[in-house]
2 protein chains.
Amino acid sequence: MSVSNEIFSSEFTFRLPDWISSVLPDPGHVFCDDEEKMRLAVTLARENVRHNTGGPFGATIFNCDTGRLIAPGVNIVIPAHWSGGHAEMIACAIAQQILQTHDLGGEKMPFCEIFTSAEPCAMCLGATLWSGVRRLACAAREQDARDIGFDEGPKPVDWVAALEERGISVTRDVLRDEAVRVLQDYMDQGKPIYNARKKK
Amino acid sequence: MSVSNEIFSSEFTFRLPDWISSVLPDPGHVFCDDEEKMRLAVTLARENVRHNTGGPFGATIFNCDTGRLIAPGVNIVIPAHWSGGHAEMIACAIAQQILQTHDLGGEKMPFCEIFTSAEPCAMCLGATLWSGVRRLACAAREQDARDIGFDEGPKPVDWVAALEERGISVTRDVLRDEAVRVLQDYMDQGKPIYNARKKK
């Protein structure tokens, strides 16, 4: 397979699935509390499974000052051919495109918070830090994702403290049971669990 | 600022800088050893600084069986408005588009190896695992990046062992001195160091 010629036109585009707009509220909708914000993230995870457009994970980024949604994200790893296509990565990338900055925590930015249907893997833990969000709220625990077979990767044991030391507050277990049901349904349907390999 | 309407057309495209093709060898070129493979990664880092198209980091992914380049990557964080735009992330995403898979270590894939001009940050450590590459070679140490002010994020102390446990062999210090000079030049030129915030 000759591939090298293709790198001279290297670009990469990903898209959110078409069904996304059908589950989002009106643009002016004000989310009133953590549970409502997380419910959208969990709904994205659930609909992503139902539409067969990726793994059982969703994320949402909000302007905490106004209560409005900035960007949604879902896992698109398999359909997008991109192992980096986790829900948090997608939501951060889209929010940064919308706000035209690599740093959601920079000057003149609103207070941005990310809600994820499951605690971050090793990659998304780092990505959360670099994104500039000021707050992370999670539904399912990392152990819940491990329980259905997903590897969360090499995270420090004290990852919550590592975020908080860098100015990102962490809230856990928001709608955990609802998010766990999405993970269980995904496993029960026999959908693909992709992971790093084990040493041979 | 009203942004919510924009999410209904959510997609994200990134491109490698135009100058990239000028530093790549002919598509059929066979790289003969680790130093030659790393030299291209370090050259990408150096040229990225010179062209002012991103941070002082480069990466290259090779087909180890043939010695041919699969994909290059450079840091495009600031120009692309994307905190996830580290060199390794870009190289993995492009390689996966070229090979049309989320798993470079899957069946029928060549043995893929990634060369990076600096050891991975917390995000790229996780991303390396999920990418499916079978080998990671690094030039500058994470401490070298820290020395010029970059935060590497919360990595486990035993991150090399964590990769090797998952079947990814790690080689360090390949052309370390050359890569450190690129980092030093970047700092000496007063170019932007972007990081997570510290707790207030």
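Residues are numbered from 1 along each chain as its sequence is written, while chains are lettered from A and ligands numbered from 1 in the order in which they are written. Because the model is predicted, local features need pLDDT of at least 70 and side-chain atom pairs count only at pLDDT 80 or more, whereas totals for chains, interfaces and linings use all residues.

**Arrangement of the chains**

The contact takes 65 residues from chain B and 65 residues from chain A, two residues being in contact if their C-beta atoms, placed from the backbone, lie within 7 Å. On the side of chain B that touches chain A, at least two residues each come from β1 (11-15), β3 (68-74), α3 (87-99), α4 (122-131) and α6 (159-165) of chain B. Helices (H or I, at least four residues) and strands (E, at least two) are DSSP runs, numbered from the N terminus. By class, this side has 34 nonpolar, 19 polar and 12 charged residues; Ala, Val, Leu, Ile, Met, Phe, Trp, Tyr, Cys and Pro count as nonpolar, Asp, Glu, Lys and Arg as charged, and the others, Gly among them, as polar. The copies meet through the same surface, because 100% of the interface residues of chain B are also interface residues in chain A.

**Strand pairing**

Strands pair if DSSP finds at least two bridges between them. Within chain B, an open sheet of five strands has the order β3-β2-β4-β5-β6, with mixed pairing. Its edge strands are β3 and β6 (169-171) of chain B, each pairing on one side only.

| Strand pair | Bridges | Residues standing opposite |
|---|---|---|
| β2(B) and β3(B) | six bridges | B:T60 and B:P72 |
| β2(B) and β4(B) | five bridges | B:A59 and B:T116 |

β2(B) and β3(B) form a hairpin with four residues between them, and B:G67 in the turn has a positive phi of about 75°.

**Burial and core**

A residue is buried if 20 or more other C-beta atoms lie within 10 Å of its own, exposed if 12 or fewer, and partly exposed in between, with C-beta atoms placed from the backbone. Six of the six residues of β2(B) are buried, so this strand is largely enclosed by the rest of the structure. B:G58, B:T60 and B:F62 cover one side and B:A59, B:I61 and B:N63 the other.

The largest nonpolar core has 131 residues, and A:A95 and B:A95 have the most contacts inside it. Such a core is a set of buried Ala, Val, Leu, Ile, Met, Phe, Trp, Tyr and Cys residues joined through C-beta atoms within 7 Å. Not counting residues up to four places away in sequence, B:A95 touches B:I61, B:I70, B:A71, B:L104 and B:C112.

**A loop residue in chain A**

A:P17 lies in the loop between β1 and α1 (20-23) of chain A. With 19 C-beta neighbours inside 10 Å, A:P17 counts as partly exposed. Leaving aside neighbours within four places in sequence, A:P17 is in contact with A:H51, A:T53 and A:V74.
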